[in-house]
Amino acid sequence: MSTIIERVPLILCETRAEVEAELRDCIEDSNLVDWQTKWKPIIDKNRERQRATHGPVAAASHWDWREKMENIRGLLSESSFCIECEGVTQGMMIVSTAKQRARIERQKGQHLVYVDYLEAAPWNRGDHVAKPRFRGVGSILIIAAIAFSRSNEFKGRIGLHSLPQAHEFYAERCRMTDLGPDSKYHNLRYFEMTPEQADKFLEGKE
Amino acid sequence: MKLEIKREWFLAAARREGDVEVGAGRIAFDPEPEVEGAPVQALPTEAMQLAFGKLVNFLRRKRSWSIEELAKQTKIDAAELLLVEKEPRHQAEPHTVFQLANVFNLNFKSLQQLAGLVVVRNQEVVTEAVRFAANSDSIEKLSPEQTRSVELFVAALNRLADGEKAQQ
């Protein structure tokens, strides 16, 4: 059973009010039910519309979170996190402590937390709805990855492959180092955060 | 595991995050593209990318900037900017589009559509882009008509992006 790591605030876009949410340490069946019954219908509808007019559809349009959780069942190196607000799953993330090592020259080969998958609910995303509902889901999940890295004594080092539309978030908002397209990952850009960058991010410094 | 972060930090981070995309992870295609190593985006029509290159070219020349100067302003490699302007099949990097939108004060979402980074949902964007590309010539100096054409196209892109937002 998942536990609450911390109660965290999200911002309700419409009114800019603060709303209480829970960062939880595991993706459970109830979260997967949310994905299947609440996220997927919106994602599928948009995907069909895009595919009808523009051919192959890229990005996280058909990530199967149930399958992903099934694939990591029992693996000690894999962990999952989610954010719940108003009783509904607002974002999910799977991280690995074994899949990748650091690539930035001065920390090359050192352990890091690799963000395998990170996705916000479709109603929180500008590519699915005109007016996203909550802001802050991505930042909280990245904080969780940094905290998890620290708890594993990786000093806040994290790495990930950003989806094409999310480069701005990782480069400009999180101030991670952009190591460029990775030919082994469909040319997705690989971003990495050093302990110093993690410190700055947590201090809110640019 | 403890976060030990003040509530104000979360709120500031949420504001900074805004409405930008946050997804990370191995990409999925549906259906699988036939060519290995194909671009990760659904490509728009060639005319759209041609219009994107023309627009960058015109806006640069309107400011009497060389490619080198634009590279300096955007902090983007000059070779990448050359490809943007000269090669209609070139898929611009999202960061390039972001920087160009900033420097030329354009609507980022509109420019993303034009550059083929996101799926175009509004047929009018395509129509306007084709019209703009068809009316542009590669002469050295911009004529008053071409200047007007650029201005009208930028206004149309911004208007259509706003209209799209209102409809959704």
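Analyst: Helix H3 (residues 67-74) of chain B and H4(B) pack at an angle of about 115°, and their axes are 9 Å apart. That makes H3(B) roughly perpendicular to H4(B); the label covers angles of 65 to 115 degrees, while under 35 is roughly parallel, over 145 roughly antiparallel and the rest oblique. Axes here are lines fitted to C-alpha atoms, for helices over the stretch in contact, with angles from 0 to 180 degrees between N-to-C directions. Helices (H or I, at least four residues) and strands (E, at least two) are DSSP runs numbered from the N terminus.

User: Before I go on, what am I looking at, and how is it numbered?

Analyst: It's a predicted model, where local features need pLDDT of at least 70, side-chain atom pairs count only at pLDDT 80 or more, and totals for chains, interfaces and linings use all residues. Residues are numbered from 1 along each chain as its sequence is written, chains are lettered from A and ligands numbered from 1 in the order written, and side-chain values use heavy atoms, leaving out hydrogens and water.

User: Back to that helix pair. Which residues in H3(B) and H4(B) meet?

Analyst: From H3(B) you have B:Ile67, B:Glu68, B:Leu70, B:Ala71 and B:Thr74, and they meet B:Ala78, B:Leu81, B:Leu82 and B:Glu85 in H4(B). Contact means heavy atoms within 4.5 Å.

User: And how does H3(B) pack with H5(B)?

Analyst: H3(B) and helix H5 (residues 94-103) of chain B have axes 9 Å apart and an angle of about 95°. They are therefore roughly perpendicular to each other. On the H3(B) side the contact uses B:Leu70, B:Gln73 and B:Thr74, and on the H5(B) side B:Gln99, B:Leu100 and B:Val103.

User: Switching to charges: how many salt bridges are there over all chains?

Analyst: A search of the whole structure turns up 20. A salt bridge needs a side-chain nitrogen of Lys or Arg within 4 Å of a carboxyl oxygen of Asp or Glu.

User: What does B:Glu85 pair with?

Analyst: B:Glu85 meets B:Arg60 in a salt bridge, 2.6 Å from N to O. The pair links distant parts of the chain, with B:Glu85 in helix H4 (residues 78-86) and B:Arg60 in helix H2 (residues 46-62), 25 residues apart.

User: Is B:Glu85 buried or exposed? And what about B:Arg60?

Analyst: B:Glu85 is buried at 12% relative accessible area, and B:Arg60 is buried at 10%. Buried is under 20%, exposed is over 50% and partly exposed is in between, using a 1.4 Å probe and protein chains only.

User: Which chains does the bridge between B:Asp19 and A:Arg135 join?

Analyst: B:Asp19 and A:Arg135 form a salt bridge at 3.0 Å, N to O. B:Asp19 sits in the loop between helix H1 (7-17) and strand S1 (24-25) of chain B and A:Arg135 in strand S6 (residues 134-135) of chain A, so the pair joins two chains. B:Asp19 is partly exposed at 30%, whereas A:Arg135 is buried at 16%.

User: What does A:Glu196 bridge to?

Analyst: A:Glu196 pairs with A:Arg106, their closest N and O atoms being 3.4 Å apart. A:Glu196 is in helix H5 (residues 195-203) of chain A and A:Arg106 in the loop between strands S4 (88-96) and S5 (113-120) of chain A, so the pair ties together parts 90 residues apart in sequence. A:Glu196 is partly exposed at 43%, and A:Arg106 is exposed at 61%.

User: Last one: what's in chain A in terms of helices and strands?

Analyst: Chain A has 5 helices and 9 strands, and buried residues make up 59% of its 206 residues.
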